[in-house]
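Thanks, everyone. Please have the model open on your screens. I'll go through it piece by piece.

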Amino acid sequence: MTASQVLFYAISTVILGSGILAVTSQRIFRSAIWLLLCLVGIAGLYFWMQVEFIAAVQIVVYVGGIVVLIIFSIFLTQESGKELPKPIMRRTVFALLATLFGFAFTYNLVYGHGFAAPTGEAFNVSVAEIGTQMLSTTNNGYILPFEVVSMLLLSAMIGCIVIAMKPPSNKNAGADMLFAQDVPGTRLITPGVVEPDLISEEV
Amino acid sequence: MYDVPLSHVLFVSTALFFIGMYGLFTRRNMITMLMALELLLNSVNINFIAFNKYLYPGKLDGVFFTIFIITIAAAEAAVAIAIIINLYRSHKSIDIESAAELKF
Amino acid sequence: MAGYTYVILVPLIPLVTFLLLGLFGRYLGRSSGMIGTAGLLAATLLSFLTAFQYFFGANHVNGVYEPISAFKHTWLQFSPGLSIDMGIMLDPISVMMIVVVTFIALMVHLFSLGYMKGEERFTTYYAFLSLFTFSMLGLVLSVNIFQVYMFWELVGVSSYLLIGFYFQKASAVAASKKAFIVTRFADFGFLIGILILGFYGGSLDIATLVERLTNTASPEFIAITAASFFGISVLTWALTLVFIGGAGKSAMFPLHVWLPDAMEGPTPVSALIHAATMVVAGVYLVARLFPIFSMNSAVLSLVTWVGVASALIAAIIACTQTDIKRVLAYSTMSQIGFMMFSQGLSKTSGEDGLGYMASMFHLFTHAFFKSLLFLCAGAVIHYVHSNEMRDMGGLRKLMPVTHACFLIACLAIAGIPPFAGFFSKEEILLTAWNENLFVYGIGLFTAAVTAFYMFRLYFSIFWSQPFPTHAKQPATAHQQEGSLTMQLPLVILALCTIAAGLVPFSKFVTADGRPLETHFNPLFSVPPVLLSIIAILVAAELFKHGDGRAANIAAGLGLVYKAASKKFYVDELYLFVTKKIIFPFAGRPAAWFDRNVVDGCINGLAYITASTSNAIRWVQSGRLQHYTLYFFGGIAGLAIIFIYLWK
């Protein structure tokens, strides 16, 4: 057993173990931490496969972005220490059966497929190579999907803001109330309290 | 490097996929469902990278797909969380069972 | 040919006013009456121009007035020979008819300005009148027998709308329904007749049909006479069915029951529709297809006898009615009976075609004096606020103009020279004298009865006892004879009634288009005139003084009088047939079938759908995870099918 193999099986164990814990843990915050670990493990798998750029993206976007976002939303919506409600027993059984069946079915197919042996060709995933092809307008260039995805990100950003915004009717009502009190030229005079400048004018 | 067969890598991704699937089925909290969804996407990414590396090392298509999927996953997570927050505002809960109005 | 295209404006102007008043009426208010009248004035002038150009123009070929197709648009083409066209045909009778229709309609529009004043649905009234005028003009100008049918139905609809104009009154609603159902029933016959003629004749064009079905050698004629149904040739069936349609519209016995009830409508409407124009549509229809009718003596004798029976029965019933409009309605029916039997006795050409010409002539004169009578009756009703004869009397001092006009019209209908009715009635009686003495006898008797009941009406309204002060309305200052717009049409129509008989009608309208020399025979005129004068004197003796003499005679007649006053129980017979026979034996089972079988099928279908969806609605639980499970199950199922089973 080579070191590479050992490394792979160790990483795989981390990924699967933390993945299972992430979907079964009864405390949501712990669940998020297990997810974090799982994603880091996947980044490790990418390092193991020598696609360092993707591994870096994985850590930056997933670990640094999405998981942090998830943790924020957990803080916004839950008491994080509280236990999650128990899953419904019947559904758990069904889900377990369905996923086990699905896994057996799929892996049976994958195992029996017989992929071609590695050709031994060099696998060049340097950042320069990726960047050139990504922005290339020639036949194998990815400039169009790149632009489309940038549009998608922009619209998703706007969409998020619109969705998460407070309903405008409440805001307006509040503004109206404020405005009503601040109408220029009207002054609130509480009975019994005589304002000094009024007195001085009268005198 | 190639001493681990492709099928083992695929075992990891398939198992991860069905773990995510299980989470999607059993979790009642929407944020945890979202996490399960991330696991699904990641297992697909592993597949893409593995196929690219093992079967077509001369090309970069798998890598690009992974990049795009990560991008889209980020967008999707942001939108999903916006929806979840909005739902929390109206239902005071993000339990999926409490948002079951969309029925017969 | 080209010079007649403008005729299309004659029906189109009323259509435009109808649309204008119907769509924008609420913004027009009081002025809608003026708009309708002005539009019709234009149409009337155009139709006068048409008549002038047609009768005195250059299209007098070999002494025959040629039919002219002024406008023709192929609308629905079924097969190369069979199409429904919209067009305008000018021949002597259609030109005569447009003159009559536009002129009478103009008078009625004018009269209504005063009569309907202050009516809530004034604009609607004028819109309906315009619709009617449009339909009637379209009917008489039709080139295609199906065009006739369409306008025929439109006329029926506008008649229905106008009879039911006072829809707050239950009796008006019932009357409009009755008119619609009875005429619709008859129109069903007409439609089948049209279809038969179209099927065998291979065309719906009137001119083509006439040409083919009058030529005994043409294949169409041979086919239609050779085919038979229940032992009677199909031609006879077709013409009989067409005649049933005409009889329904013209209120011929036994389909006349709707006409007296139709008097529920406003009186000017009765003058226009139920006296002068629509009810003579049946006569016009027979005249339009007269060459075909004349090929079949069986149908002609049916026409004759239906006409005779209607004339006589209606005249007798008219003697007993007390509602003045009903008297006039029966009188109309009787006069149309005259026109019908005159056509039934006619031949197509030459001297023997006198009956046809006489019928058209009577139609022409009748339009004037009968609409005059109705408008006078309208003026009287406007004044007295009652239709009943017993509420009237002694009005001659109070309404001098109406009185004079009514008298002229009565003399005309009684056939006293030199008023219009005399000439036309003489021609009809002459036809009968030449063709069938029995019919002549009945015609003579009916003419005398006509004079009697008309003068019964006249004396009861204008003489009799002095105007009863206990009548519903006390005599107040507002009770004047009526505004100028009401009196003017009366005077114009009275002048026409005097003059119309002097028109040399036989020069213009004859069966074969050739001018006909009529011989005025003073000796022949003596018996009818004498009889009429005697009848008038009897009526004067009985009704002039308003005492009980007439009632005594009526009591003496006993059962006969009662039967006549109950209109010979025709209505009761119809009610018996519908209520005791049709409803229990046809209507109820059909209703049961409809309710239980037809509705049952629909309800069952709905029930099955509802219960099925109720049973499976739990699938739509609204729970996201159920849906993901189904989704997963679906994918797995498809994967299994495609990978293992679909090899």
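One term before we start. Strands count as paired if DSSP finds at least two bridges between them. And a reminder that this is a predicted model.

With that, take the hairpin in chain C. E3(C) and E4(C) form it, with five residues between them. Strand E3 of chain C covers residues 68-77, and strand E4 of chain C covers residues 83-90. They pair in the antiparallel sense, over eight bridges. What stands opposite Ile68(C)? Leu90(C), in E4(C).

Now step back to the whole of chain C. It has 26 helices and six strands. There are 647 residues in chain C, and buried residues make up 50% of them. Look at the contacts in chain C with a separation of 6 or more. Residues 24 or more positions apart account for 79% of those.

Chain B next. How many helices and strands does chain B have? Three helices, zero strands. Along the sequence the pattern reads α-α-α. Chain B has 104 residues, and 52% count as buried. For contacts with a separation of 6 or more in chain B, the share from residues 24 or more positions apart is 48%.

Back to chain C, for a helix pair. Helix H3 of chain C runs over residues 92-115, and helix H16 of chain C over residues 354-384. Their axes are 11 Å apart, at an angle of about 5 degrees. Anything under 35 degrees counts as roughly parallel. So H3(C) and H16(C) are roughly parallel to each other. By class, the residues of this contact are eleven nonpolar, three polar and no charged. Who takes part? From H3(C), we have Ile93(C), Met96(C), Val100(C), Ile104(C), Met107(C), Phe111(C) and Tyr115(C). From H16(C), they meet Met360(C), Phe364(C), Ala367(C), Ser371(C), Leu375(C), Gly378(C) and His382(C).

The largest nonpolar core has 206 residues. Among the residues with the most contacts inside it are Val100(C) and Ile104(C), along with Met360(C). Leu372(C), Cys376(C), Val380(C) and Ala409(C) are on that list too. Which helix gives the largest share of this core? H16(C), with 21 residues. Leaving aside residues up to four places away in sequence, Leu372(C) touches Cys405(C), Ala409(C), Leu490(C), Leu493(C), Ala494(C) and Thr497(C). Another core lies apart from the largest one. That other core has 63 residues, among them Ile15(A), Ala15(B), Tyr22(B) and Met33(B).

On to the interfaces. Chains A and B first. 62 residues of chain B are in contact with 71 residues of chain A. Helix H1 (6-26), helix H2 (30-55) and helix H3 (61-91) of chain B each supply at least two residues of the side that touches chain A. Which of them gives the most? H3(B), with 21 residues. By class, that side of chain B has 45 nonpolar, eleven polar and six charged residues.

Chain C with chain A, for contrast in the numbers. Here four residues of chain C are in contact with four residues of chain A. On the chain C side, three are nonpolar, one is polar and none is charged.

Chains B and C also come together, through H1(B) and H26(C). Their axes come within 8 Å and cross at roughly 140 degrees. Angles over 145 degrees would count as roughly antiparallel. This pair is therefore oblique. H1(B) brings Met21(B), Leu24(B) and Phe25(B). H26(C) brings Gln625(C), Thr628(C), Leu629(C) and Phe632(C). The residues of this contact divide into five nonpolar, two polar and no charged.

Arg623(C) sits in the loop between helix H25 (570-616) and helix H26 (624-645) of chain C. Arg623(C) touches Ile96(B), Glu97(B) and Ala100(B), again not counting residues up to four places away in sequence. Why does Arg623(C) count as partly exposed? Because it has 17 C-beta neighbours inside 10 Å, and buried would take 20 or more.

Last stop, Ser297(C). Its place is in helix H14 of chain C, residues 297-318. Is Ser297(C) buried or exposed? Exposed, with 12 other C-beta atoms within 10 Å. Ser297(C) and Lys347(C) are 50 residues apart along the chain, and their C-alpha atoms are separated by 10.0 Å.

That's the tour. Over to you.

Technical notes:
Residues are numbered from 1 along each chain as its sequence is written. Chains are lettered from A and ligands numbered from 1 in the order in which they are written. This is a predicted model: local features need pLDDT of at least 70, side-chain atom pairs count only at pLDDT 80 or more; totals for chains, interfaces and linings use all residues. Two residues are in contact if their C-beta atoms, placed from the backbone, lie within 7 Å. Ala, Val, Leu, Ile, Met, Phe, Trp, Tyr, Cys and Pro count as nonpolar, Asp, Glu, Lys and Arg as charged, and the others, Gly among them, as polar. Helices (H or I, at least four residues) and strands (E, at least two) are DSSP runs, numbered from the N terminus. Axes are lines fitted to C-alpha atoms, for helices over the stretch in contact, and angles run from 0 to 180 degrees between N-to-C directions. Angles under 35 degrees count as roughly parallel, over 145 as roughly antiparallel, 65 to 115 as roughly perpendicular and the rest as oblique. A nonpolar core is a set of buried Ala, Val, Leu, Ile, Met, Phe, Trp, Tyr and Cys residues joined through C-beta atoms within 7 Å.
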